Every structure is written in structure tokens, then in C-alpha cells.
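Thanks for coming. Today I would like to talk through the salt bridges in one structure.

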Amino acid sequence: MNRSHLAAAWRRGQRGWPAAYPVAQFPNAPLATAGIASLVAARAGSGDVRAYAGAASRVALAVWGADELMRGDNAWRRILGTVTVVRVVVEVAGPHR
């Protein structure tokens, strides 16, 4: 597969599926960052690396959720953004271990 095919596939994925009412799409930068940071935190065991990776994951999720809340393509995406932001706030405000 050459670059133009990859670029076309990426553009289609960013538009979302189904085209009429997109509920799923390829991860954008904040969501990909959250996923990678979450994996790092899970593999780190304990210590500073785990703490920083967990914080980075939460910040990235909050950014993604706020973006979906404000600019989501449809009601489903805005609700998903709202739920994500609320979840991150509850996690951060809850009792610390």
C-alpha cells in the first residue's frame, strides 16, 4: 500500500462510520496519546513513571472529551465527550490511593 492509499484510508477513518451519523472513527491525537500513556502506566508497575503516565492519560482523555463535547459531530459524540470529562473529573477528585 503506498502513501496515497494510506492517506485516503486515514481521511475516510477521520470522517467516521457510518457516514450519515458517525459514532466511530480512527483515534485522533489526544485519544491516541491517552491510550499510549495508559499502556505505559499499566506496564510501569509503580513509581513516578506510572504516576506521570496516568496523569498524562487523564489529561489527554479530558482534552479529547472536551473537544467532543464542544465540537462533536452529533449528539452521541457530544454525550460521549461529556461522560468522559465527568469520569476524569470524578477520578481526579476522588480518594487518592
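I will take the pairs in turn and say where their residues sit. Keep in mind that this is a predicted model.

Some background to begin with. Side chains of opposite charge can pair when their charged atoms come close. In this model the count comes to 4 salt bridges, and I will go through some of them.

Let me start with E91 and R58. Their side chains form a salt bridge, with 2.7 Å from N to O.

R58 has a relative accessible area of 35% and is partly exposed.

E91 also has a salt bridge with R87, at 3.0 Å from N to O. Here both residues are in helix α4, 4 residues apart, which is about one turn of the helix. R87 has a relative accessible area of 47%, and is partly exposed.

Putting these pairs together, R58, R87 and E91 are linked in a network of salt bridges.

Now to another pair, E68 and R77. Their side chains meet in a salt bridge at 2.8 Å, N to O. Where R58 is partly exposed, E68 and R77 are both buried.

To recap, we have a network of R58, R87 and E91, and a salt bridge between the buried residues E68 and R77. That is what I wanted to show.

Technical notes. Residues are numbered from 1 along each chain as its sequence is written. This is a predicted model: local features need pLDDT of at least 70, side-chain atom pairs count only at pLDDT 80 or more; totals for chains, interfaces and linings use all residues. Side-chain values use heavy atoms; hydrogens and water are left out. Buried means under 20% relative accessible area, exposed over 50%, partly exposed in between (1.4 Å probe, protein chains only). Helices (H or I, at least four residues) and strands (E, at least two) are DSSP runs, numbered from the N terminus.
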